[in-house]
Amino acid sequence: MILGQPAHQFIMAVLWAAIRAGTPLLFGTLGEIYAERSGVLNLGVEGMMIMGAVTGFGVTLATGNIWLGVALAALAGGLLALVHALLSVTLRANQVVSGLALTMFGLGMSGLLGKRYVGTPLPCRLRAAPIPMLEDIPFLGPILFQHDPLVYLSLFLVPLLWFVLSKTKAGISIRSVGEAPATADALGVNVFLVRYLCVFLGGLLAGLGGAYLSVVYAPAWIEGMTAGAGWIVIALTIFAMWSPTRALLGACLFGGVKVLQYRLQPPPPEGLGISPNLLAMLPFIFTIIVLLAGTGEVIRKRIGAPSALGIPYAREEK
Amino acid sequence: MAERQGWGEVVVSMRGIVKRFPGVLANDHVDLEVRAGEIHALLGENGAGKTTLMNILYGIYQLDEGEIYVKGKRVTIRSPRDAIELGIGMVHQHFMLVYPHTVAENIVLGLSSADFLFPLRRVKGKITDFSERYGLKVSPEAKIWQLSAGEQQRVEIIKALYRGADLLILDEPTSMLAPGEVEDLFTTLRRMAEGGRAIVFITHKLDEVMAISDRVTVLRQGKAVATVEKSRTNKQDLTRMMVGREVLFLLPRKPVEKGVIVLEVEALHALNDKGLPALKDLSFTVHGGEILGIAGVAGNGQRELVEVITGLRQATKGKVILLGKDITNSSPREIIGRGVAHIPEERIRTGLVPNMSVAENLILKAYRSSPCSQRLFLNYAFIGQHAERLISDYEIVTPSKDAPAKLLSGGNIQKLILARETSEEPVLIVAAHPTYGLDVGATGRIRHLLLEQSARGAAILLVSEDLEEIMTMSDRIAVMFEGRIAGIVDTAKAGVEEIGAMMVGARKEQERGY
Amino acid sequence: MRVRVEKRSTLSRWMTISAPILSLALALLVIALVFWGYGISPLLAYKRIFMGAFGSPYGLSETMVKATPLMICGVGLALAFKALVWNIGAEGQLLMGAVAATWVALYLLPDAPAAVLLPCMFMAGFLGGAIWGLIPGILKAKLRANEVITSLMMVYIASELVNYLVYGPWKGPGEWGFPYTTKFPPSAQLPRLLGTRIHYPTLILALLLAVLVYVLVMRTKLGYEIRVTGENPEAARYAGMSYFKTVVLVMLISGGLAGLAGVGEVAGIHHRLRYPQGISPGYGFTAIIVAWLGRLNPLAVILTSLLFGGLLVGGDAIQVALGLPVATINLFNGVILFFVLGGELLTRYKIALERRRED
């Protein structure tokens with residue numbers, strides 16, 4: 001028995017919740033992997049996620065259509081990402097400062113836009129869509145196949161994005177642009193276009209992740225509700241060693257930490273009665289640990305970050 | 001060797017090309033004409049404008065004035081993609097390869113005809129085909145960083161051929177190769193020329209021009225001086241065209257009185273960045289007043305050796321002893337303090353802080369002790385005087401001592417570095433490729449400065465890829481191959497063939513005493 | 001017509017000075033648009049901001065109040081950024097300084113006289129912030145961990161720690177359910193300038209520190225090492241400079257300075273420890289822009305911190321009057337930083353228009 005429940009039931013429930021809680025992070029990480037693989041460090045993920053959250057919430061509230069809300073949320077994230085691309089790729093600005101500026105902007109703008117939504121409930125919900133045969137598989141079934149469509153989307157994107165990156169011509173171009181942009185340029189690859197597209201994709205997915213939070217997971221609008229998720233995405237990208245498949249592992253681990261945070265809070269026998277504030281530190285401490293683990297492994301295995309990551313590319317420099 | 005038949009029609013014609021960069025006119029109304037089936041050498045010193053001209057042809061730079069004709073038609077080449085479509089291929093001096101990727105992935109990159117899904121499948125067969133036809137053996141699955149320089153160059157050539165290059169430009173292709181590999185390359189080039197392709201061969205080495213080319217165009221300071229047929233010229237004429245004056249070829253150096261042993265390297269082992277052994281059981285000595293040249297093809301451990309001696313890399317086994325004191329794995333700071341000067345291979349990346357002033361760059365090593373500083377504070381009055389003195393002593397051309405160092409030309413940056421490193425009378429100078437990329441005038445001055453230091457009694461370890469430089473400057477030569485010393489010879493007694501053989505792995509035969 | 005971005009051959013002096021001003025102006029324009037989109041007259045908003053910040057003695061004094069922590073943090077960040085150490089965690093270091101000072105005031109030496117207590121609080125605050133900054137510093141120097149993430153995560157951790165303390169073990173017995181500690185004893189309260197909230201010892205300290213750090217950077221050996229490390233870390237290594245030492249020292253100092261700012265806030269303004277947003281409405285983050293706008297020059301930071309102090313005061317004024325959410329300041333910050341960044345690029349690059357060749 002764990003915390004008042006039979007062990008296997010507890011574990012299954014936690015894993016199910018972990019996948020769900022990790023979904024926004026998974027979206028964000030998958031996007032950031034593409035951006036960083038093409039050589040652009042996008043620190044504005046937090047801003048893009050929160051803009052996605054507020055847009056998704058607002059549009060869903062206004063139209064009653066969740067899918068429209070989610071789509072426009074992705075677009076909002078993408079547009080903000082294009083600004084970052086403009087600064088970092090075309091104008092070759094310092095990518096750290098540019099990302100920070102966008103995060104601040106996103107946090108502020110979303111607060112402004114979302115003011116009227118505070119406390120307003122959504123008229124519609126995204127229902128879970130259990131998959132008929134697969135959900136009956138013992139143990140794994142209920143964990144993987146009783147989620148809402150957006151979770152399925154995130155899970156589906158993992159092998160898809162992995163495939164594009166490893167097994168297609170576009171993937172070779174993206175990876176080459178991130179490792180050796182001058183070489184790719186000399187062979188006729190449009191470095192700027194590839195980077196813009198990857199950063200844009202990163203923004204789309206970040207916006208999507210944010211929308212999931214506000215429209216499905218919570219669902220509600222609270223100012224600053226991403227609470228650092230964007231920064232966690234960046235740590236997870238390193239932990240994932242820039243591979244979409246490993247990103248899934250990272251997101252689930254993280255989701256698990258978040259779930260435990262809520263599970264341990266109530267007083268015994270259901271929880272451990274630890275102060276909610278101390279528990280709230282867990283995700284952030286965990287992020288540091290994850291970052292150290294990822295960085296350490298990167299150094300040991302000598303599989304590095306894309307060589308040109310964070311370095312602006314210019315063709316004619318003398 | 002049978003003379004190749006007359007060359008075909010004009011493949012590429014460049015007329016009146018002008019290219020300006022901030023502060024310098026790189027190409028000054030240059031004309032160039034290349035025909036099918038010929039090997040056309042583009043000769044000139046460093047900075048003459050050869051690479052710039054070819055970069056314009058290949059679409060990396062845009063011309064400011066002039067016209068380009070390919071197969072008789074006027075064209076505009078805005079990017080390498082355009083050049084490739086016109087049948088122009090280029091093999092750069094510093095290979096443009098993606099090192100973590102495989103050979104196949106590198107060849108497929110940017111290839112419009114490749115499949116979108118699983119693009120590598122079809123490509124692998126064709127690669128093998130090219131390999132056999134031109135003697136360019138490579139394995140499509142190998143990762144680039146695992147290949148030797150010669151093999152990497154083959155990948156570059158296949159890349160160009162795969163894209164249907166009728167004209168192949170090679171920029172200083174032998175700079176990374178051992179003498180034997182150069183012969184292989186020349187064979188490949190001749191086969192390609194016989195097949196009707198045009199080849200442009202950028203070089204500053206006269207021997208190569210005389211060996212391989214059909215025609216030569218000489219560039220000097222941005223202008224095209226002349227185009228001649230190789231059979232109607234000689235090294236003397238070419239030198240005069242290249243430099244504008246007669247230049248005495250450097251005579252080998254007179255033997256010098258050897259002092260005490262300054263540097264002793266004993267059974268040294270070290271790893272490279274990938275964790276593989278880079279130095280294997282290395283041993284040698286350098287005496288005061290002596291210049292020991294380290295010859296060898298790049299990538300055989302020279303860089304790691306320099307880094308271990310200067311404290312920038314850990315030795316895993318063995319010892320480095322300076323004037324009797326064991327300095328193995330000491331910190332760079334201690335080693336600097338003991339009088340070891342280091343002229344780095346990458347001047348600007350390692351040896352300079354480009355945005356800081358010349359004066360502040362000159363104290364990069366000396367700033368810790370008086371009179372540059374006292375306890376916590378730097379003495380800027382002294383630093384200024386110090387800079388003025390060095391600028392005049394070493395003839396560093398700079399707008400002022402406070403000008404940012406990045407404004408200086410390559411030769412003056414090297415003079416700054418030399419000034420800084422030698423003004424404190426070091427006991428050992430480790431000089432890595434000190435004249436790389438400099439024009440003849442600057443090269444001469446730098447060598448002269450090094451010889452002065454040697455006369456003063458400093459021990460000098462000279463690492464260079466320029467065999468001619470090693471042979472004219474060194475007293476003894478140690479050849480490195482795959483992390484070991486293949487042999488140490490007295491310069492006076494050694495021949496190029498012997499050294500060349502060692503560079504590709506032959507070990508020095510025991511001296512038979514004569 | 002084609003637009004190309006190319007590097008300038010020489011830094012235009014004129015541009016170096018006018019670019020920040022131009023960027024600021026453009027930023028204000030964009031913010032004006034946001035106001036307009038929100039249904040507020042931009043002119044009215046700006047007038048209110050300006051008057052609120054500089055139009056009255058009260059406004060001016062409040063500007064000084066807000067400028068003080070910005071100045072101290074900004075100076076520390078200018079130092080860190082110069083070495084290319086991205087200390088984004090100043091906010092957390094500030095909070096930990098506040099925590100340390102509170103501990104000294106309420107639990108360690110509650111009965112000590114002011115002459116002893118106040119300096120001890122400042123020292124403890126410096127230490128608290130320094131340790132908080134040291135952790136990301138060591139992680140970066142030793143393990144190459146990205147300091148942006150680590151220092152930022154420490155902000156969240158510090159924030160939760162403060163929450164834990166004020167809702168939990170340090171909750172004032174007399175204050176039911178409200179998230180603050182008991183009031184500091186009078187000996188732990190900084191003196192204020194006549195009738196205002198300006199806790200002048202901290203302000204004087206801030207000005208002194210700006211000068212000190214400027215001297216440090218430009219005239220000392222350590223400063224030289226910091227500048228070389230920031231400009232070219234490879235050359236720094238080649239010259240025998242210890243990367244570890246430089247990074248750790250820089251994080252220690254900038255963390256400690258942020259900690260001092262935290263002491264100023266609890267000892268000078270609030271006289272107690274409160275929930276995190278009550279101690280600092282993002283000073284540590286705004287200080288990033290303060291430092292950047294001042295081009296990492298500690299003396300210029302004095303000016304930019306006054307400017308942003310005014311902006312914060314003005315922002316408060318219109319927030320209440322026009323019903324804008326607290327996060328609006330983030331919006332300002334983001335837009336300004338964005339344009340400052342863009343403007344800075346214009347000093348290094350120029351946009352060249354060229355006619356396409358006819359053929």
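Predicted model: local features only at pLDDT ≥ 70, side-chain atom pairs only at ≥ 80, totals over all residues.
## Notebook: a three-chain look-up

I started with B:Arg375, which is exposed, with 7 other C-beta atoms within 10 Å.

Residues are numbered from 1 along each chain as its sequence is written, while chains are lettered from A and ligands numbered from 1 in the order in which they are written.

Helices are DSSP runs of H or I with at least four residues, strands are runs of E with at least two, and both are numbered from the N terminus. I noted this one down because most residues other than glycine have a negative phi.

Which other residue did I find with a positive phi although it is not a glycine? I wrote down A:Met241, at about 50°. A:Met241 is in the loop between α10 (229-239) and α11 (244-263) of chain A. I counted 18 other C-beta atoms within 10 Å of A:Met241, so this residue is partly exposed.

**Chain A**

How many helices and strands does chain A have? I got 12 helices and 0 strands. Its radius of gyration is 20 Å, close to the 20 Å that the globule rule gives for 318 residues, so chain A is as compact as a globular protein of that length. (The radius is taken over C-alpha atoms, and the rule is 2.2 Å times the number of residues to the power 0.38.) Along the principal axes, I read a C-alpha trace of about 70 × 45 × 40 Å for chain A. Buried residues make up 54% of its 318 residues.

**Domains of B and C**

Domain bounds come from an automatic or database assignment.

Chain C splits into domain 1 (1-38 + 324-359) and domain 2 (62-321), with 30 Å between their C-alpha centres. Their contact takes 10 residues from domain 1 of chain C and 12 from domain 2; contact means C-beta atoms, placed from the backbone, within 7 Å. On the domain 1 side, helix α14 (residues 328-348) of chain C gives the largest share, 7 residues. I sorted that side into 8 nonpolar, 2 polar and no charged residues. Nonpolar covers Ala, Val, Leu, Ile, Met, Phe, Trp, Tyr, Cys and Pro; charged covers Asp, Glu, Lys and Arg; the others, Gly among them, are polar.

**Where C meets B**

Here 17 residues of chain C touch 25 residues of chain B. On the chain C side, α8 (221-231) and α9 (233-238) each supply at least two residues, and α8(C) has the largest share, with 5.

**Confidence**

Last, I checked the scores: the predictor gives the complex an ipTM of 0.84 and a pTM of 0.83.

Methods: Contact = placed C-beta atoms within 7 Å. Buried ≥ 20, exposed ≤ 12 C-beta atoms within 10 Å, placed from the backbone.
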